[in-house]
Amino acid sequence: MNWWMSLWAAPAVLGFAMVFSVPRRTLPGIVALAVAAHLLRSFALHQGAGLPVASFAAALFVGFTAAVVAPRMGQATSVYAFAPVIPLIPGTFMFEALTGLLDLTTGDLSDASAQVDTAVVDATIATMTIIALAVGTIGPTLLAGRRIARLAHIEVTGLDG
Amino acid sequence: MTDLADALDLSLEVGELVQLSGGHTARTAEHMNRMARALGAETGQPAISSINVMMTVTEGDQRLTAVRQARHFGINFSMLSALRGLVTDTETHGLTPDQIRSRLTLIRNAGPVYPTWLVMLALGGSSAAFAALFGATAAGVALTFLGGWAGAWVRHLLVARRKKPFATVTSAAFVASLIVAGGAALLDLGSAADPALAASTLFLVPGVPMLNGTADLLNAHYLNGVVRLAMSMVIITSAAIGLAAGVTLVEVLS
């Protein structure tokens, strides 16, 4: 396992953070969170977890951290919660599912059932991973945002921090 | 004493701006409610749809209702944070309606946080980083940077001309994948180009609509959640069409 690969999550998140127009002073925190989340997912995968489960753990980490850090920094939770999970998008599975479906349209039916199997498996992993990322990121703030903030001894006036 | 009409007008403006800057429905409603109450309304009843924000405020026997258009689900998290700060300051420091209007004008007219050229460059960098994460070679990473950068510019220019998401995303994905697939064919990268191709259109991932759509569904705002997820599906499908078209064109020509 090459842990250094997770450093690529830093430039991966930077473009999206800028598209989301996050405040400039939050960029270092967002980049650090993205790298940490990628490392956590790599660790979970290394321990034998499936991609959706590993991604869910990483997204939960991002969501929980954002719920604690954002109010302390005077920012909306989305600033820290949204961009860092983008590098966890299962791009290769999405691509392979798409190319698998395209291969089915070539007219060569000799290996069609294996192609369908592969495409369905890839699409399922991609879909489950995306759902895991979304629920894991949003869950902590929606379900326990106020409690998390209180645990961190932060005075909040709103539900979302 | 604040006029109830001010509470209604300002809470609607806050709601519109939260919607335009990428807040999910519960956040929009919460900010509107807090603003109305901070300005003296006894109750606030917001109603948020994908194209409008509506608000009813009451004080004693008086009841006022108004609607404001908020046609786009935009993304500007700096604005979102500024609005959060404004609502909190109104609650804690008792800002007057004139002070709130001044700050809302500043928030609405704030310039872009990052220059466009830098954002496009960073999106190229994001695409290249995705390619590296997926195991692409140095040539694949370089091609993906070029493709992502060019595709991001295409999308930006088409959005500026008010083209629909299907057109902007499909065109951007087509250009990005054409550059990556074409470059890979010229350099004879073969299957080593797959990670680069997989990464080439990821700068188009609709992260905010997907996450806000999920937030809406989990908050039982089902209609708005479905609208946002439908937007995401249109974008993902458009990117897939553009990617498939670019790759197929290169295969036909090579």
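Which residue takes a positive phi just after α1(B)? The residue is B:G22, with a phi of about 105°. I shall return to that helix after some remarks on the model.

Colleagues, this is a predicted model, in which local features need pLDDT of at least 70, side-chain atom pairs count only at pLDDT 80 or more, and totals for chains, interfaces and linings use all residues. Residues are numbered from 1 along each chain as its sequence is written, while chains are lettered from A and ligands numbered from 1 in the order in which they are written.

Let me begin with chain A. Its mean pLDDT, the predictor's confidence in each residue from 0 to 100, is 87, and 89% of its residues reach 70 or more. Over residues 156-161 of chain A the pLDDT is below 50, although this stretch has 22 contacts in the model beyond near neighbours in sequence. A contact here requires that the C-beta atoms of two residues, placed from the backbone, lie within 7 Å. Where pLDDT is low, the predicted coordinates should not be read in detail.

Chain A has six helices and zero strands. Helices (H or I, at least four residues) and strands (E, at least two) are DSSP runs, numbered from the N terminus. Of the 161 residues in chain A, 53% are buried; a buried residue has 20 or more other C-beta atoms within 10 Å of its own, an exposed one has 12 or fewer, and a partly exposed one falls in between, with C-beta atoms placed from the backbone. Among contacts in chain A between residues at least 6 apart in sequence, 69% join residues at least 24 apart.

I turn now to chain B. The domain assignment, which is automatic or taken from a database, gives domain 1 (4-108) and domain 2 (116-253). Their C-alpha centres lie 34 Å apart, and nine residues of domain 1 are in contact with eleven residues of domain 2.

Because 16 of its 18 residues are buried, α1(B) is largely enclosed by the rest of the structure.

Next, the sheet. Three strands of chain B form an open sheet in the order β1-β2-β3, with antiparallel pairing; two strands pair if DSSP finds at least two bridges between them. The edge strands, β1 and β3 (62-69), each pair on one side only. β1(B) and β2(B) form a hairpin with three residues between them and share six bridges, B:T43 having B:T58 as its bridge partner. Eight bridges join β2(B) to β3(B), and B:T56 stands opposite B:T65 in β3(B). α1(B) packs on this sheet, touching β1, β2 and β3 of chain B, and its direction makes about 155° with that of β2(B). Such angles run from 0 to 180 degrees between N-to-C directions, the axes being lines fitted to C-alpha atoms, for helices over the stretch in contact.

In β1(B), which residues form the covered face? They are B:G44, B:P46 and B:I48, whereas B:T43, B:Q45 and B:A47 form the uncovered one. In a regular strand the side chains alternate between the two faces of the sheet.

Finally, the interface. 45 residues of chain B are in contact with 37 residues of chain A. The largest share of the side of chain B that touches chain A, ten residues, comes from α5(B).
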